[in-house]
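Please look over the model below before you read my points. Keep the sequence beside it as you go.

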Amino acid sequence: MRANESSLQQRVATLYTDHHGWLQAWLRRKLGDAHHAADMAHDTFVRIMASRDVLLGIQEPRAYLVTTARRLLVDRSRRQLIEQAYVAELTSLAQTLPGYPSPDEILMAVQALEQISTALDTLPAKVREAFLRHYLQEQSQADIAIAQGVSKRMVQKYLVQALLHCRRHCPAMAAQGA
C-alpha cells in the first residue's frame, strides 16, 4: 500500500511539474486574469488529487487537465449565476422594502448560496439540471421534462431529490426548516 501511495504521489508531482505552468497560462488566456488563473490551476490539481485512481492510464495529460479545468469553470459559472440571481433578488427587494439587508444578512445569504451550490455539485447531472432550470431559469416542469426526455413526474422527483439533498447538506436550509 505504501509503494502504491508513493507511486501515486510521484505521478501527481510529475503531472504538476510538467504541466502546471502550461495550464496556468492556458487559464490566464481564457480568464484574462492571472490571479483567477492561478486559483483555477490550483483547484484543478486539487480535484485531480481528490480522485486518486484517475491518474492511472492518462494518455493525454493536457487534455485531461483542460477537461478538468473546463468543468471547474462551469462550476464557477454556475456559482456566479446563483450569486447574480441572489443579488438581483436583493436589488428587487430593496426597492420594495423600507430597509436594506444588513451586511450580516447578506453574508449569511451568500454563505447559504455557496452551501447550496456545493450541494448541487454532488447531485447527478439530470437532477442538478432540473433544479437549475426550474428555480433559476423559471422553466416549467413540463418544459424541463421535454428537454430532458423524461416524464413530468420524473422531473418532480428530481426536484424533490434536489431539495432534500440541499436540506441535508446545507445547515442554513435545515436551520430554517426549509
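The points below run from the whole chain down to single residues.

1. **Ground rules.** This is a predicted model; local features need pLDDT of at least 70, side-chain atom pairs count only at pLDDT 80 or more, and totals for chains, interfaces and linings use all residues. Residues are numbered from 1 along each chain as its sequence is written, and side-chain values use heavy atoms, with hydrogens and water left out.

2. **Confidence.** Start with pLDDT, the predictor's confidence in each residue, from 0 to 100. The chain averages 84, and 88% of the residues score at least 70. Helix H6 (residues 141-148) has the highest confidence, at a mean of 93. Helix H8 (residues 171-176) has the lowest, at 59. Read H8 with that value in mind.

3. **Overall build.** Which elements make up the chain, helices or strands? There are eight helices and zero strands. The pattern along the sequence is α-α-α-α-α-α-α-α. Both kinds of element are DSSP runs, numbered from the N terminus: helices are H or I with at least four residues, strands are E with at least two.

4. **Surface and interior.** The accessible surface comes to about 11600 Å² (Shrake-Rupley method, 1.4 Å probe; for residues, only the protein chains shown count as cover). Carbon and sulfur atoms account for 55% of that surface. Of the 178 residues, 29% are buried. Here buried means under 20% relative accessible area, exposed means over 50%, and partly exposed lies in between (1.4 Å probe, protein chains only).

5. **Contacts along the chain.** A contact means heavy atoms within 4.5 Å. Take the contacts between residues at least 6 apart in sequence: 57% of them join residues at least 24 apart.

6. **Aromatic pair between H1 and H2.** The structure holds two aromatic pairs. Tyrosine 16 and phenylalanine 45 form one that is edge-to-face, at 4.9 Å centre to centre with 70° between the planes. Tyrosine 16 lies in helix H1 (residues 2-31) and phenylalanine 45 in helix H2 (residues 34-50), so the pair ties together parts that are 29 residues apart in sequence. As for the rule, rings of Phe, Tyr and Trp (its six-membered ring) pair if their centres lie within 6.5 Å; planes under 30 degrees apart count as stacked, over 60 as edge-to-face and the rest as tilted.

7. **Aromatic pair inside H5.** Why is the pair of phenylalanine 131 and tyrosine 135 tilted? Their ring planes stand at 45°, so the pair is tilted, with centres 4.9 Å apart. Both residues sit in helix H5 (residues 125-135), four residues apart, or about one helical turn. An α-helix has 3.6 residues a turn, so residues three or four places apart point the same way. Phenylalanine 131 is buried at 11% relative accessibility. Tyrosine 135 is partly exposed at 40%.

8. **The buried side of H5.** In H5, Val127, Arg128, Ala130, Phe131 and Leu132 are buried. What do the buried residues of H5 pack against? They pack against H3, H4, H6 and helix H7 (152-169).

9. **The cavity.** The structure holds one cavity of 30 Å³ or more. The volume of the largest cavity is about 30 Å³. Its lining is Arg78, Ile82, Ser117, Leu120, Asp121 and Arg128. H3 and helix H4 (103-121) each give two or more residues to this lining. H4 gives the most, with three. On a 1 Å grid over the protein atoms alone, a cavity is a set of points where a 1.4 Å probe fits but cannot get out; lining residues have an atom within 4 Å of a point. Grid points are joined across faces, edges and corners, and a volume is the space filled by probe spheres set on the points.

10. **Two single residues.** Histidine 165 is found in helix H7 and is buried, at 10% relative accessibility. Leaving out residues up to four places away in sequence, histidine 165 touches Ala119, Thr122 and Leu123. Aspartate 39 is found in helix H2 and is partly exposed, at 47%. The C-alpha atoms of aspartate 39 and leucine 27 are separated by 9.6 Å, with the two residues 12 apart along the chain.

How values were computed: 1 Å grid on protein atoms, 1.4 Å probe; cavity = no way out; pocket = protein on both sides within 12 Å on 5 of 7 lines; lining within 4 Å.
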